[in-house]
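Work through the exercises below with the structure in view, and try each task before reading its solution.

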Amino acid sequence: MVEPSSQQEQARWRQFLAASPAVIYSMDTNPPHGLNFVSENIASKLGYNVEECLQDPHFWYQSIHPEDFPQVVGSWNGEIPPQTPIKAKSGTQAYRLRRRDGSYCWIRDEWQTIENETGTPSEIIGSWLPLECSWEMPETCQDCSKFPTAGKFFQLSLDLFCVLNFQGVFLQVNPAVTRILGYQPEEFCQKALPELVHPDDWEETNNKGKELLETEKLTTFENRYRHVDGSYRWLSWSAIAVPEEQVIYAIARDITKDKEVEQAKDRLEALVEATTDFVGISDPAGHPYYINTAGRRMLGLSPEEDITQQHISDYYAPQVRQTAFESAIPIAEQQQVWHGESEFVDRYGNIIPVSQVITAHKDRQGNIEFYATIARDIRDRKTIENSLRWQEEQLRKKAQKEALLNRITNQIRQSLDLDTVLETAVRSVRHLLQVDRCGFLWYEPGNGENLPVWNCVKEAKSPEKGSNLGIYPASGDNFLTQKCLHLEVVQVDDTNQLEAELTLSAQKMLKRWHMRAFLAVPTITQQGEIGIIGCIQEDKPRSWQVWETEILLSVCDCLNIAISQATLYQKSQESAKVASQHALQLEHTLNELQRTQTQLIHNEKMAGLGQLVAGIAHEINNPVNFIYGNITHAQEYTSELINWLQHYQKLDWENALPEGDLAGSDLNFIIDDFPKLIHSMQVGAERIRDIVRSLRTFSRLDEAYWKEVDLHEGLESTLTILHHRLTEKCDRPEIEIVRNYGDLPAIGCYANQLNQVFVNLLTNSIDALETAYQKNQKDSLQIDIITRLADDWVEIELADNGMGMTEAVQKHLFDPFFTTKPVGKGTGLGLSIAYQIITELHQGELQYSSSVGEGTTFTIRIPLQQQPHHNPNNNESSPS
């Protein structure tokens with residue numbers, strides 16, 4: 001269908017228009033975007049007649065609300081009409097159109113462009129659906145033949161247009177059925193109503209159909225239709241029956257999203273009503289128009305009470321009202337949200353502390369649309385917080401008391417000087433209790449010649465106040481003296497109330513000391529001496545608390561301990577003198593032992609050094625003798641060669657014959673033997689160089705104490721230095737060295753010290769092998785050297801196949817001065833020094849395993865990552 005071509009089709013179109021809840025319109029895409037067609041129901045929806053809408057080319061965009069104008073035109077092409085053609089192909093939006101009476105009506109505009117033969121948009125087909133309107137059918141309908149584009153509306157409408165007979169069979173539907181329900185029009189017309197309508201909606205739909213046929217009036221209802229994918233869509237129907245044609249004309253709009261929004265709104269409203277928190281909404285002027293049930297209950301409002309005439313300021317407590325309107329709400333307007341604590345007041349005047357969130361909601365132009373707030377009653381929390389604060393205050397006082405006692409206790413431990421302890425006590429008590437004065441007084445009973453007095457020995461006060469230190473009479477009629485001698489606490493909150501009851505001496509004392517309130521706690525020492533610690537408030541009365549008295553009592557207990565300790569300290573001083581003499585004697589003995597130990601270690605160093613020097617001398621002596629023995633022959637060969645050269649320089653080369661000494665020389669022998677002699681001397685020199693290089697590597701005297709080194713170089717230099725002990729001797733065969741080196745990184749260590757460990761361990765192994773051979777227990781002598789990485793450790797194993805060690809020997813293996821060697825051959829310090837170097841300097845481990853008759857294995861374990869600990873030269877007992 002393109003255009004109505006028959007009277008029947010025109011009548012059908014009129015029925016569609018009558019049933020439509022929306023105003024159907026057609027508009028040019030080019031400026032000035034005038035209306036080409038508008039349905040007559042615009043009169044009932046907006047109050048205009050068709051002619052005035054079509055005659056005014058600017059009717060549409062002049063009817064748009066000014067606040068909505070930028071939004072509406074932005075959805076067309078981003079530019080305000082009528083300057084440019086409309087380029088967008090379709091759209092849906094809600095905005096306000098002006099009615100004829102000047103008021104505005106919210107409408108939903110759904111539109112789509114029609115393209116001409118060249119593919120250019122030429123016309124817009126759309127509908128205006130009033131979001132609040134009456135669904136009354138117009139009284140008259142004009143002939144649709146006036147509107148040649150009616151068929152286009154049927155084809156292009158975004159709403160579902162359909163015709164069905166009185167038996168519920170769909171006769172015709174427009175293409176919108178595909179967009180809304182997913183069916184092709186032909187497929188949809190083959191479906192029966194019960195197959196399409198949701199089972200739960202069938203009874204109401206059937207009743208509406210009967211009502212439609214009976215009344216022959218426009219009927220509206222909602223139900224769910226099954227989509228082609230099996231889901232259901234909510235449709236809003238407007239339908240009318242035409243008995244003379246035996247058909248029903250109906251228009252349906254997909255309201256699934258509206259239903260989802262409505263359901264979400266219902267769920268949100270149920271949630272808001274179910275919450276125990278206050279939830280409220282007010283207009284920009286502060287007049288509430290919604291408060292949930294919990295909020296009404298909090299404020300004492302009845303569920304039916306009208307709140308629209310009230311103001312949100314009525315709900316704030318007077319003491320926070322100004323803060324709410326001058327701080328909280330302005331912050332919400334600027335930052336969209338404010339949260340904090342406030343106070344509400346109910347209608348009975350009860351203050352309700354709340355934790356509140358205020359949000360300010362704005363429209364697109366930034367104007368406040370409404371305020372929303374959520375508030376939680378925190379009275380229970382405040383009660384708990386107050387209880388916690390009270391407990392915290394009690395704990396704070398307890399902590400202050402303990403801190404004071406700790407300071408006095410620490411002072412007692414540090415000084416054992418009574419004056420210092422008393423000074424600390426009065427100063428700390430004054431600071432803690434915030435009194436004007438705090439002092440300590442001793443009671444001196446006097447004798448036959450002197451009267452009893454109070455001696456104020458320590459005082460803490462403000463710098464500008466005068467001192468009360470000194471001696472004061474302690475007359476028997478003074479109430480302070482009487483109570484303190486009976487060890488009673490004296491507490492006076494206001495001396496003005498006691499002045500009439502006091503003796504003259506007591507009044508003089510109060511006046512001299514400027515006492516308005518005072519607290520005095522007496523104490524008695526183990527020696528029977530009485531003292532008091534007192535606090536004075538000079539300028540005003542003071543209600544002394546129990547905890548303040550407890551602090552002074554505890555201070556007195558500490559002072560008693562201090563006095564006792566001071567007495568003990570004096571006695572200990574005398575004992576200390578005797579002990580000091582014994583200590584000096586022990587120190588002298590210890591110094592002698594240390595000197596002896598140092599001398600023994602020095603002897604061990606010298607013995608080891610002597611062995612190394614002897615070995616090196618032996619190793620160097622052989623190549624030196626070899627070189628020296630060949631020098632004579634080298635000189636003779638050189639002399640003869642020079643003579644030959646000089647001879648040939650003087651004679652004719654062709655007729656030259658040797659004469660004299662040259663005739664008897666063997667030039668061919670010299671030519672053959674001289675290079676060999678030079679090579680032999682070179683081998684000897686290289687041997688000396690290797691020995692010196694090994695000695696330098698071993699000692700590392702020219703390098704830093706702590707350095708990353710190759711442990712294999714240290715092992716090889718040590719073997720080179722000990723080579724003279726490994727070679728074959730007259731009384732034993734050669735000691736074979738079996739190397740099994742792993743792939744080790746450079747290791748940070750004290751290289752010089754570590755090489756000494758290698759020497760000590762290898763020397764022990766060589767001694768053990770020689771002893772085993774001499775006792776005919778071994779035929780072959782062998783030392784295995786194995787290096788490897790084990791997790792974060794480097795391990796070096798030195799294993800010999802000697803005699804091994806007994807358990808008795810193993811127990812004392814690393815003890816200083818322990819040795820199994822004959823007298824004069826060992827000092828017993830080699831393994832002890834090696835153990836110290838590995839465990840102390842390198843934070844490593846020196847382990848061993850040994851079996852009698854099988855041999856001994858020493859394992860050195862050094863961490864891969866470590867830091868230097870100290871300069872080994874500062875350790876007198878470490879080997880060099």
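**Exercise 1.** Does Gln 246 count as buried, partly exposed or exposed, and at what relative accessibility?

Solution. This is a predicted model, in which local features need pLDDT of at least 70, side-chain atom pairs count only at pLDDT 80 or more, and totals for chains, interfaces and linings use all residues. Residues are numbered from 1 along each chain as its sequence is written, and side-chain values use heavy atoms, with hydrogens and water left out. Buried means under 20% relative accessible area, exposed over 50%, and partly exposed in between, with a 1.4 Å probe and protein chains only. At 43%, Gln 246 therefore counts as partly exposed.

**Exercise 2.** Locate Gln 246 and Asp 791, and describe the phi of each.

Solution. Gln 246 lies in the loop between β9 (232-242) and β10 (247-254), where strands are DSSP runs (E, at least two residues) and helices are runs of H or I of at least four, numbered from the N terminus. Although not a glycine, Gln 246 has a positive phi of about 60°. Asp 791, in the loop between β25 (781-790) and β26 (793-800), also is not a glycine and has a positive phi of about 60°. Asp 791 is exposed, at 76% relative accessible area.

**Exercise 3.** Which strands stand at the edges of the open sheet of five strands, and why is one side of each left without a neighbour?

Solution. The strand order is β12-β11-β15-β14-β13, with antiparallel pairing, and two strands pair if DSSP finds at least two bridges between them. β12 (288-291) and β13 (337-345) are at the edges, and because each has a single partner strand, one side of each lacks a neighbour in the sheet.
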